[in-house]
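Good morning, and thank you for coming. Today I shall go through one structure, part by part, and I ask you to keep the display in view as I speak.

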Amino acid sequence: MKFMIETMGCQMNENDSEKLVSLLLEHGFDAVKDPQEADILIVNTCSVRKKAEEKFLSYMGRLKYLKKKKNLIIGVVGCIAQLEKENLLRKVPHVDFCLGPSSIHKVIEAIETVKKGQLYLDFSENGEETLCLKPSLTSKKIKAFVTIMKGCNNFCSYCVVPYARGREISRPSLEILNEIEELAKNGVKEVTLLGQNVNSYNKDRNDLSFPQLLEKVNEIPGIERIRFVTSHPKDLSEELIRCFGRLRKLCEHIHLPFQSGSNKILKLMNRGYTKEEYLEKIEMLKEVCPGIAITADCIVGFPGEEDRDFEETMDLLQKVRFHNVFSFAYSPRKFTRALLLPNQVPREKALARLRVLQEEQRKITLEKNKELEGKRVDVLVEGLSKRSSLDLTGRTRTNIVVNFGGPLELIGRTVEVLIVKGYANSVRGANIQHKSKI
Ligand code: SAH
Ligand code: SF4
Ligand code: F3S
């Protein structure tokens, strides 16, 4: 039978999809890229903002017609499945099986059950089994994501993730290190350690701490670059910050969502830190690792956000000078506490603030990219550029996209590139001076 997976969520969601691919291939199913060809269509869903939910519903609408035309098994997995459970069937009755993020290891059982003409639903809360599934290793990859923990205990007041992904569980360090060693043997050069809140890794277990884990990954031959996402400012310890100065393979980039620059809003969001504490950590990061690139997420229009709160957010933006900020208008979500807060901000106001913030950040990002002009940087070459097949593309250690001309043999290698021009979303390089360093 042929299957296709449509992934709609974050990196964690994508990683789960790869685990599904791996399970399905192992059991003799074949992957296809066109829904018309598929016998089984799995939608891996996201519920973080209303838009994600709308995208899912409209996609399901289209599948209804496809299902009428042919015998198609439809599975809904991921965060919407977990949050909605049986209720989902009322909205999308043409679904044959549903699995929450902690039940994806049951996909084969689900398909077998559906083939017998029965519905299959599983919304387990225990994530241990899916945590140790391995993503597919079939395609030759240069970069890979490795899940190190799942779930979230933070309960930020706007966020569905703790309800969709359950409590935090850390994966045993031996499993992680074995997976990375295997990846390295298969030619992977860069690993990103993945979790909703990676810096609380093994907080409550007698195993390696997160900095100790990084140290071990740093020793794995073949791996050239290490990254991790996402970090929570309140759990970013001094010991972890020092890793940026100490571990050669750890890239000079951190994604550290701040969400708001106003202490009043941070408190309402239940973030557990103040603007001043956030800035202190940024200072320390810059001190330990000069040139570190900092990116973040932020929300505008949270309930109770007044003009002066938004100004605090803009002030934080100016003070840190992020390389990039992923910014969103607050989206009220079912199950979350922020729904009950007074003083909801009108959507138009939130969108107007978002435009101001994004315009300002665009300028800063462009300036940052221009600062690279004339500099020589190490680029891990990932493949051909999307825009022009004559160009290669890769990233700097600070995670900036570099496009430049060069031979295909460079793919998968680290090369030194001279940056000639900085643009809004990438930089252009030229004149490769040295071939691979390693
Ligand atoms: N675990 C990660 C990612 C969470 S979701 C973390 O803690 O950073 C990614 C981003 O989506 C969040 O950082 C936040 O900025 C945004 N987000 C989450 N819920 C949202 C909501 N209800 N409305 C708008 N943005 C939201
Ligand atoms: Fe959501 Fe907050 Fe957990 Fe991130 S830390 S996943 S924003 S609850
Ligand atoms: Fe979305 Fe779930 Fe990720 S809600 S952002 S797919 S954890």
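Let me begin with a definition: two strands count as paired if DSSP finds at least two bridges between them. Please also bear in mind that this is a predicted model.

With that definition in hand, consider R376, which stands opposite L418 in strand β18. The two strands concerned are β15, residues 376-384, and β18, residues 414-422; five bridges join them, and they run antiparallel. Both belong to a closed barrel of five strands, whose order is β15-β16-β17-β19-β18 and whose pairing is mixed. Ignoring direction, neighbouring strands of this sheet are turned against each other by 55 degrees on average.

How much of strand β16 is buried? Of its five residues, 391-395, four are buried, so the strand is largely enclosed by the rest of the structure. Five bridges pair β16 with β17, residues 401-405, and the sense is antiparallel. As one example, G394 has V402 of β17 as its bridge partner.

I turn next to an open sheet. It has three strands in the order β7-β10-β11, and their pairing is parallel. Why does each edge strand have a side without a neighbour in the sheet? Strands β7 (143-147) and β11 (225-229) stand at the edges and have a single partner strand each, so one side of each is left without a neighbour there. From one strand to the next, the twist averages 25 degrees.

Within this sheet, β7 pairs with β10, residues 190-194, over five bridges in the parallel sense. F145 stands opposite T192 in β10. Two helices lie across these strands. Helix α8, residues 173-185, lies across β7 and β10 and runs at about 165 degrees to β7. Helix α9, residues 210-218, lies across β10 and β11, at about 155 degrees to β11.

Another helix deserves a word, namely α5, residues 107-115. Its buried residues are V107, I108, A110, I111, T113 and V114. What covers these buried residues includes helix α1 (11-26) and the strands β3 (40-45), β4 (73-78), β5 (97-99) and β6 (120-122). Just after α5, G117 takes a positive phi of about 90 degrees.

Finally, the ligands. Which residues surround ligand 3? They are G9, C10, N13, T45, C46, S47, V48, C79, V161, R165 and Q196. By class, this shell divides into five nonpolar, five polar and one charged. At least three of its residues come from each of domain 1 (2-126) and domain 2 (140-251).

Around ligand 2 we find C152, N154, F155, C156, Y158, C159, V161, P162, H232 and R271. That shell has seven nonpolar, two polar and one charged residues.

Thank you for your attention.

Definitions and conventions. Residues numbered from 1 in each chain as written. Chains lettered and ligands numbered in written order. Predicted model: local features only at pLDDT ≥ 70, side-chain atom pairs only at ≥ 80, totals over all residues. Heavy atoms only, no water. Near = heavy atom within 4 Å. Nonpolar A, V, L, I, M, F, W, Y, C, P; charged D, E, K, R; others polar. Domains from an automatic or database assignment. Buried < 20%, exposed > 50% of the residue type's maximum accessible area, 1.4 Å probe, protein only. Contact = heavy atoms within 4.5 Å. Axes fitted to C-alpha atoms, helices over the stretch in contact; angles between N-to-C directions.
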